[in-house]
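Take a look at the sequence and the structure, and then we will go through them step by step.

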Amino acid sequence: MNATNEAGLPIMAARERLAVMGWIPPRSEYFHHVPPPAADVWLGEAEGAASAAAPAADARDGWQLDIADDASRARVDVQWLDAADPAQRKTLFSDTRAPGDSHQDRFVWAHRALCQHGLRLQVGSGHAAAADAAAAPVRLALHRSALARVEAPTLIVDVAPGTQCVLMETHDSGSVDALAQNLQIHVRVGRGARMQHLRVVTPQADSRMAHQIHVDVAGHGRYDQILIGNGSSYHQQRTELTLDSADAQAYTGAALCISGQNTLDQQVEALHGAERTLSDMQTLMLGSGRARGAVNIMTRMGRGVRDARTVQMMRGIPTGGGQPRITLRPHMEICHDAVEAEHGATWGSLPEDALFYARQRGLSEQTARALIVQGMLRAQLAHVLDDDMDLIALLGLEQYLETAVATHLAAETRKAGAAA
Amino acid sequence: MNASPLLEVKDLSVEVGGHDVLKSISLDIPTGELHVLMGANGSGKSTLGLALAGHPQFHVTAGSATLGGKDLLALPPEKRAQAGLFLSFQAPPEIPGVRNAVFVRTALNAVREARGETPLDGFDFLKSARGQSAELGLPKAMLNRPVNDGFSGGERKRNELLQLALLKPRLAILDEIDSGLDVDGVRAVTKLVANLRSQGMSFLIISHYLQMIEALEPDAVHRLDEGRIAEQGGLALAERIAETGYAREAPATAEA
C-alpha cells in the first residue's frame with residue numbers, strides 16, 4: 001500500500017474533495033444495478049440525521065475485541081485511536097492507500113470525512129514475531145455494535161510475516177434504527193502469513209451498510225475471506241485484493257441471502273501484479289420476494305504476471321416465491337498470455353432431486369429446503385477453508401448459517417402467507 | 001407369515017412427461033413378504049417406485065395405492081415415508097454441504113417423531129450408525145462426508161442400505177440396489193434384507209441379477225412389460241427370464 005499524505009486528510013479537506021468530485025452517478029458501471037443512497041446519508045447530512053454523527057461516547061467506538069487465549073494475547077498489539085486528534089489520525093491511516101477518484105472510492109472519501117475513531121491490530125508483532133511461523137494461529141473475535149445513526153468506523157489489521165491469524169468479525173445494529181454505516185477495513189498479510197477472515201454481516205432491514213475491505217497480500221501469503229450476509233435497505237460489500245508479490249494468494253467465498261425488498265451489492269476485485277499469484281472468488285446468492293442483488297467480480301492481471309491464476313464463480317438461486325433480481329457480472333482484464341482464468345455465472349434453482357430425496361426420507365418440505373439451502377451455503381464457505389467442514393463447526397459459523405437460512409426462509413413463508 | 005396385504009396397488013396408471021408409462025398395474029405385497037419386479041429397460045419398474053413414493057413429476061392418472069390401509073396417493077412424499085415407505089434410489093443424489101450423519105439423523109428423528117417415539121440423541125445415533133456402517137462395509141468416514149458427495153457407486157448403494165437399516169420402514173422398494181455393488185456388497189444386501197424381513201419388513205426388489213434374487217428367496221416375481229404386469233410367478237419365472245431374456249416370442253398362430 002502506498003503511504004501518502006492524503007491518506008490522513010483532515011475531515012474538512014475530505015468533505016471538500018468529495019464535494020468537488022460529486023457522488024456516484026446513476027449509470028456507474030459498478031453501482032447502477034444497486035444504486036447507493038446519496039452522499040448526504042453517509043455524511044450525516046440527510047434530513048433527520050443532523051445530530052446523528054455525534055461523537056461516540058465509548059472510546060472503543062462500538063468494537064468489542066476478544067482474544068481467544070493468553071498466547072494469542074501476547075502476540076497482538078491493540079491501538080484504539082481518535083481520528084479527531086491529528087497525530088492519532090495520522091497513525092490510524094498510516095500505510096493505507098490514499099483514495100483516488102474512482103466511483104468506489106467515493107465511499108472512502110465519505111468515510112474520511114466522518115471517521116472519528118479507529119482500531120489498529122498488529123498481529124504477530126513484537127518480540128514474539130520470530131517464533132510465529134511455528135506457533136498456533138492467533139484467534140481473534142471482533143464484534144461491532146453500532147453506536148450512532150451515521151458512523152464511519154475503521155479497522156486496520158496487520159498480520160506479521162509467517163503469522164497465522166483467524167479473525168471472526170460480526171456486527172449488529174445495536175439500538176440504532178435506520179443505521180448508515182460506512183466501514184473501511186484495511187488488511188495487510190505479511191510474507192508467508194495467512195489470515196482467515198470470517199465475516200458475518202446481517203443488518204436489519206432498514207440499515208444502510210457499506211463495507212469496504214482493502215487487502216494487500218505479500219509474497220507467499222494467503223488471505224481467505226468468508227462472508228455470511230443478508231440484504232437490507234442498502235447493503236454493499238466490497239473487497240479489493242491486491243496481489244503485488246509473487247505467490248500471493250487470496251480466496252473469497254460468500255453465502256448471501258436477500259428477500260423482501262432488500263438489496264445487496266457484492267463487489268470483489270482482484271488485482272494481480274506479480275507472478276504465480278492466485279485469486280479464487282466464489283459467491284452464492286439466494287433470493288426471494290422482490291429483492292435485488294448484484295455480484296460483480298473483477299480480475300485485473302497486469303503485464304508480466306506469468307502463471308497467475310484466477311477463478312470467478314457466481315451463482316444466483318431463487319428459493320421461493322416472488323421475482324428476485326440477481327445480476328451476476330464477471331469481469332476480466334488480462335494483459336499477459338501465460339495465465340489461467342476460469343469463470344462461471346449461473347442462475348439456477350434448488351436441486352429438485354435432492355429435495356425429493358430428503359422428503360422421501362421423511363423430512364418435511366420446509367426442513368428439507370432449509371437443510372439443502374444451508375448445505376449449499378456451507379459448501380460454498382468450506383471451499384475457501386480447504387473443504388474443512390470441521391473448521392466451520394469449530395469456528396461457530398454453523399449457528400450463523402442456521403440463523404441466516406431460517407431468517408431467509410421465514411421471510412418467504414411470511415410473504416407466501418400474506419399472499420394467501 | 002402374516003398374509004394381510006401391506007401394500008395394495010389397484011389399477012394404477014401413471015403418466016410422466018405426457019407419456020403413459022404405467023397402465024393399470026395391480027400388485028399386493030403382504031406384510032413380511034418379498035416380491036421381485038423384473039422387466040426390460042423402460043418397462044416402468046422405476047416409475048412404479050417413484051410414483052408410489054410421490055415424486056412430483058410422476059402423475060397418477062387412475063387407480064389407488066394403500067400402505068397399511070392408508071391412502072398413499074393422498075399424502076405428500078414425507079408423509080408416505082413416515083407411514084413406512086422407503087425407496088432406495090437407483091442413482092442417489094448428492095446433497096453438498098450436508099453431513100451424511102446429520103442428514104440421516106434428521107430423517108430418522110422425523111420418522112421417529114411421526115411414530116410417536118422419542119428422538120435419538122447424537123451419541124446414540126452415532127453409535128448405532130457406526131455399527132451398522134461396519135456391517136455394511138461403509139467406511140465410518142462416510143458419515144462425516146456430505147451426503148453422497150464424492151461417493152463411488154458402491155458407496156452410494158451402501159449408504160442407501162445404511163438408511164434402510166436405521167429407518168426401519170414397513171415396506172422397502174429397492175431399485176437396482178445391486179448395481180454398482182461388488183460381491184461383498186451384494187452379500188451385505190442379502191444379509192440385511194433377510195434380517196429385516198425376519199422382523200416383518202416387506203420388500204419390493206427391482207433387479208435383473210438372478211444370483212441375488214435366488215439368495216433373497218422371493219415370495220413372488222412379477223414381470224413388467226410396457227407398463228403392464230405381463231407375468232407373475234415364483235423364482236422359476238426369474239430363472240426363466242435369466243435364461244431366455246425379456247423378449248417373448250409372439251404366440252404361434254395356426255396356419256391354414
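**Exercise 1.** Work out what share of the contacts in chain A with a separation of 6 or more comes from residues 24 or more positions apart.

*Solution.* Start with the term: two residues are in contact if their C-beta atoms, placed from the backbone, lie within 7 Å. In chain A, residues 24 or more positions apart make up 84% of the contacts with a separation of 6 or more.

A note before we go on: this is a predicted model, in which local features need pLDDT of at least 70, side-chain atom pairs count only at pLDDT 80 or more, and totals for chains, interfaces and linings use all residues. Residues are numbered from 1 along each chain as its sequence is written, while chains are lettered from A and ligands numbered from 1 in the order in which they are written.

**Exercise 2.** Find how many helices and strands chain A has.

*Solution.* Helices (H or I, at least four residues) and strands (E, at least two) are DSSP runs, numbered from the N terminus. Chain A has nine helices and 19 strands.

**Exercise 3.** Describe the open sheet of four strands in chain B.

*Solution.* First, two strands pair if DSSP finds at least two bridges between them. Next, the strand order is 2-1-4-5, with antiparallel pairing. The edges are strand 2 (19-30) and strand 5 (70-71) of chain B, each pairing on one side only. Finally, strand 1 (residues 5-16) of chain B joins strand 2 of chain B through eight antiparallel bridges, and Pro5(B) stands opposite Pro30(B).

**Exercise 4.** State how many residues each chain brings to the contact.

*Solution.* Chain B gives 24 residues and chain A gives 22 residues. On the side of chain B that touches chain A, helix 3 of chain B provides the largest share, six residues.
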